[in-house]
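Open the structure in your viewer and keep the selection tool at hand. The tour goes from one selection to the next and says what is found at each stop.

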Amino acid sequence: MANVSIRKVVKAYEGDVQAVKGIDLEIIDHEFVVLVGPSGCGKSTTLRMIAGLEEITAGEIWIGGDVVNDVPPRDRDIAMVFQNYALYPHMSVFDNMAFGLKLRKFPKEEIKRRVDEAATMLDIQMLLDRKPKALSGGQRQRVAMGRAVVRNPKVFLFDEPLSNLDAKLRVQMRTEIKKLHQLVPTTTVYVTHDQIEAMTLADRVVVMNHGVIEQVGAPQELYHHPATRFVAGFIGSPAMNFLPCQVVDDGGLKVQLADGTKMAIPAARVDRYGPYKGKKMTLGIRPEHMTETHDSEKPGVQIMNAKVDVVEPMGMETLVHHFVDGVAVCSRIDPNVHTGPGEILPLAIDMNNMHLIEDATNRVV
Amino acid sequence: MADGSTMVVGAPAATSPGPRQAGSMKQLARRRSLAALALCSPLILLIVCLKIYPTFYAVFLSMLDRKMNNFVGFDNFAFMISRPSFQLVIFQSVLFAVTAVILKAFLGFVLAHLMHNIRGRNERVWRGLLLVPWVIPLSLSTLTWWWLFDPSYSAFNWTLNMLGFEDIAFLGTVWNARLSVIAVNVWFGAPFFMIMYLAALKSVPEQLYEAASIDGATAVQRLFFITIPMMRNIILITVLYSLIVTFADFDIVRILTNGGPQDGTHLFATYAFVVGIQSGNIPRGATVSLFMFPILAALAFFVLRDVMKRNKEMA
Amino acid sequence: MSASATAGNMPAPKAKVGSMEKQRRMALWASYIALTFFVIIFLIPPFYMIITSLKTSAEISAQAGNPWIVQNPTFDNYWELMTNAAFQRYFINSVWVTAVTVTLSMTIAILAAFSLSRMGFKGSQVLSTGVFLTYLVPPSLLFIPLFQILGWLGLINSTWALVLLFPTLAVPFCTWIMIGYFSSIPKELDEAALIDGASYPQILIQIFIPVALPGIIAATIFAFTVAWGAFLYPLAYLYSADQATLTVGIVRELIKGDVFAWGMIMAACAMAAAPPIIIYTFLMDYYIAGLTAGATKG
């Protein structure tokens with residue numbers, strides 16, 4: 001059990017390629033932190049530096065009050081679950097889980113006790129004699145987790161552990177990982193490219209892009225208050241719609257889209273958006289805030305007509321794709337509303353949930 | 001191989017190099033690099049002392065006179081190449097290697113296809129039976145062939161007589177002996193081609209054939225437009241490798257004909273043995289062997305290029 | 001296959017399905033017949049080796065009747081060889097030279113392959129290429145300078161010469177095979193072991209060697225084949241009978257003058273060929289997998 005702190009950490013490869021460009025992150029004891037971002041954003045490199053599998057070019061990593069830059073992986077008291085599980089194929093499940101303890105010269109009874117305990121917790125007691133080859137994907141995943149748990153380390157590291165599972169199993173294992181963390185509340189750093197995984201698992205999500213941290217925050221905070229255009233677009237599925245716009249004032253502050261459509265900015269936001277009058281901006285609005293129109297609209301809702309391009313019924317909702325000003329836009333409507341390609345659909349846009357992004361800085365204002 | 005070096009990062013600490021940058025992780029990396037070199041040292045020692053050094057030493061030897069006292073430059077090479085008996089060796093070596101390899105490759109290709117046709121059905125047994133020639137030490141099976149070819153006891157000739165044909169002097173005339181030597185080499189080497197080609201055949205995805213069938217390709221078209229292009233690299237590498245080995249072959253000729261009749265079947269290796277070891281003319285023997293070098297080097301270059309290309313394609 | 005689904009209510013295509021089936025069966029039978037033919041051709045020498053080994057010298061020299069069959073089969077040739085001190089000597093020489101060669105070659109190859117595939121140092125890339133190139137150097141290219149070198153070392157006519165030289169033939173390819181197998185072990189496996197607390201020697205012994213066991217078997221068989229079957233080096237460097245290995249002993253020592261004791265020679269060949277045949281019978285699949293690893297990938 002320990003804090004992990006990452007201070008001004010840089011990872012540079014030969015040829016001056018910087019995979020991680022000086023990041024800072026404080027992870028408190030028992031916390032479940034998820035690093036999320038597109039591939040090549042530096043999240044895995046960061047995790048591997050915490051593990052000691054990659055050398056740290058500059059900066060410091062602390063685990064539990066010690067700088068571990070120069071400590072080899074085995075002395076960092078961490079455990080890691082890999083994307084492809086990395087189970088030793090020639091060892092039984094028991095031996096896989098016991099390997100780390102055996103190398104650390106734990107007494108036999110202690111090893112057995114710990115493995116049994118972990119196996120019971122992960123519901124793999126009946127698999128202990130099997131070889132990894134004879135296991136299903138989900139079972140291998142559990143063994144990999146068991147191997148981490150028995151060591152009772154200061155920190156758990158997960159490197160995209162669910163990517164090799166099929167969609168259904170992934171959802172199931174996601175729940176199990178969360179349950180495991182509730183049972184064994186060890187500090188956890190979890191890397192994934194899947195923002196839903198990040199949102200569902202994390203106490204705090206760290207969004208990374210191009211080797212820098214874009215934003216750190218609780219899942220809801222990231223969703224509702226993204227700090228940058230990247231976070232706004234990355235978190236949430238289907239992704240937030242971005243429409244080029246300008247802030248204008250014709251007797252009330254409004255956003256004006258490229259085709260001249262004007263939509264009033266809610267009173268509560270006038271002060272915030274006032275200074276950006278006349279600048280090139282982007283209007284960000286999530287699909288669920290672009291819906292079919294109702295008889296009586298809430299205050300702050302604006303109506304916009306959009307031509308339907310493609311309709312995707314999902315069951316509990318229907319996704320409709322439009323082209324507005326040549327930009328692809330997605331709206332989420334009630335499945336009972338019937339519409340088809342080529343029709344004009346009036347959309348109710350909830351401006352209370354709008355985001356305004358300054359193009360020059362890509363920051364949400 | 002390549003990925004091993006990525007862990008050993010040599011990049012200097014670019015930004016804010018704290019005091020611990022030269023810490024023990026880096027030292028560890030350097031130590032590991034040293035350990036890696038140490039683990040390879042027996043291999044390096046072996047290659048340097050018993051491969052590279054002898055190669056240069058062979059060049060040196062080939063430039064000495066018979067008593068190994070005087071340096072004679074390229075005289076030995078000039079002398080050898082002017083001798084008709086050595087010209088015959090060059091001719092026979094090339095004839096032997098090229099003919100034998102073409103036949104082995106063809107036979108191997110046919111056998112691989114036959115094996116592929118019966119896939120799954122006792123494949124292991126059939127493959128095992130076909131591999132027997134390749135498993136028996138070559139010198140011992142060649143001895144058996146010699147016994148089969150024996151002028152007065154030949155079991156082949158007995159069979160020919162039974163069928164109403166004349167005796168054949170398998171090792172008695174130059175051309176007969178050359179063909180016999182080639183036959184034994186083909187017998188020994190074809191199984192190797194078979195397993196290489198069979199493995200290549202199996203790696204061609206079945207969907208390609210199904211797609212081609214739907215596109216209307218006949219069996220012959222499938223062979224020429226799918227099988228052969230997909231196997232191209234393996235066919236090439238195997239042929240080049242086999243050319244090297246066959247070209248430098250020693251056992252068959254040494255046992256079957258010992259170069260005869262009339263020195264008509266000598267290869268570089270057997271001739272070098274007679275000249276260098278049996279007659280004790282070390283410089284001349286080294287010279288004979290070295291004549292192989294440019295040809296082998298050229299072949300090796302092509303093998304290496306193809307293997308590298310293939311590795312890159314797979315990566 | 002898919003044709004049968006559409007053929008349901010149409011009689012005409014049904015006939016076609018039958019003919020396709022028939023064609024396929026004929027192709028299969030043709031393959032079997034062709035394979036049988038080749039197997040017979042391929043097995044003539046070993047068959048004749050066994051047949052001759054069961055004949056007495058008298059039966060061979062009498063030349064009466066069909067040479068392809070034995071009239072009075074006898075194991076005398078085998079018994080005689082087994083009690084023959086010279087033959088026992090060849091066998092022992094072969095066994096010890098092969099055992100040492102295999103052990104030495106595998107040790108060198110495994111250490112080097114582990115280093116080259118996982119640890120790396122400046123120039124390791126060059127070395128890997130160099131290893132492959134040395135694999136392409138045939139034994140007959142360098143046997144004359146090596147003769148001189150063995151002379152300096154005082155190893156002419158000593159089986160130690162073979163113990164020194166056979167690894168040069170076996171190690172390059174063994175290393176190459178092992179690099180292939182070690183490289184195919186996912187990198188996460190050693191990282192997991194590192195985190196579990198293993199040192200590099202522990203990773204090699206407890207993870208790499210057991211996981212790459214098929215490759216080790218393949219490389220071991222290769223080293224065995226090289227040492228057991230080698231002919232040129234023992235012929236060139238060992239001149240007295242008591243130092244001869246099986247191949248040279250049989251070819252050079254058993255064939256004396258014009259009196260060919262062919263029954264005994266063939267019995268000796270059969271006994272000398274037995275160890276490799278037994279090994280291949282059980283471990284052929286590993287060896288072929290190792291040999292064709294490059295051909296099956298991609």
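**Stop one: an exposed leucine**

Select Leu153(C): its relative accessibility is 51%, so this residue counts as exposed (buried means under 20% relative accessible area, exposed over 50%, partly exposed in between, with a 1.4 Å probe and protein chains only). Leu153(C) lies in helix 7 of chain C, residues 143-153 (helices, H or I with at least four residues, and strands, E with at least two, are DSSP runs numbered from the N terminus).

This is a predicted model, in which local features need pLDDT of at least 70 and side-chain atom pairs count only at pLDDT 80 or more, while totals for chains, interfaces and linings use all residues. Residues are numbered from 1 along each chain as its sequence is written, chains are lettered from A and ligands numbered from 1 in the order in which they are written, and side-chain values use heavy atoms, with hydrogens and water left out.

**Stop two: helix 11 of chain B**

Select residues 268-278 of chain B, which form helix 11. How many of its 11 residues are buried? Nine are, and the helix is mostly covered. Among the buried residues are Phe268(B), Tyr271(B) and Ile277(B). Then select Gly280(B), which follows the helix and has a positive phi, near 75°.

**Stop three: Gln18(A)**

Move to chain A and select Gln18(A) in strand 2, residues 17-27. Is Gln18(A) buried or partly exposed? Gln18(A) is partly exposed, because its relative accessible area is 29%. Leaving aside residues up to four places away in sequence, Gln18(A) touches Val10(A), Lys11(A) and Ala12(A) (contact means heavy atoms within 4.5 Å).

**Stop four: a sheet in chain A**

Select the six strands of the open, antiparallel sheet in chain A, whose order is 13-12-11-14-20-21 (two strands pair if DSSP finds at least two bridges between them). Strand 13 (262-264) and strand 21 (363-364) each have a single partner strand, so one side of each has no neighbour in the sheet. Strand 20, residues 355-358, pairs with strand 21 over two bridges in the antiparallel sense. Select Glu358(A) to find Arg363(A) of strand 21 opposite.

**Last stop: the whole of chain A**

Of its 365 residues, 53% are buried.
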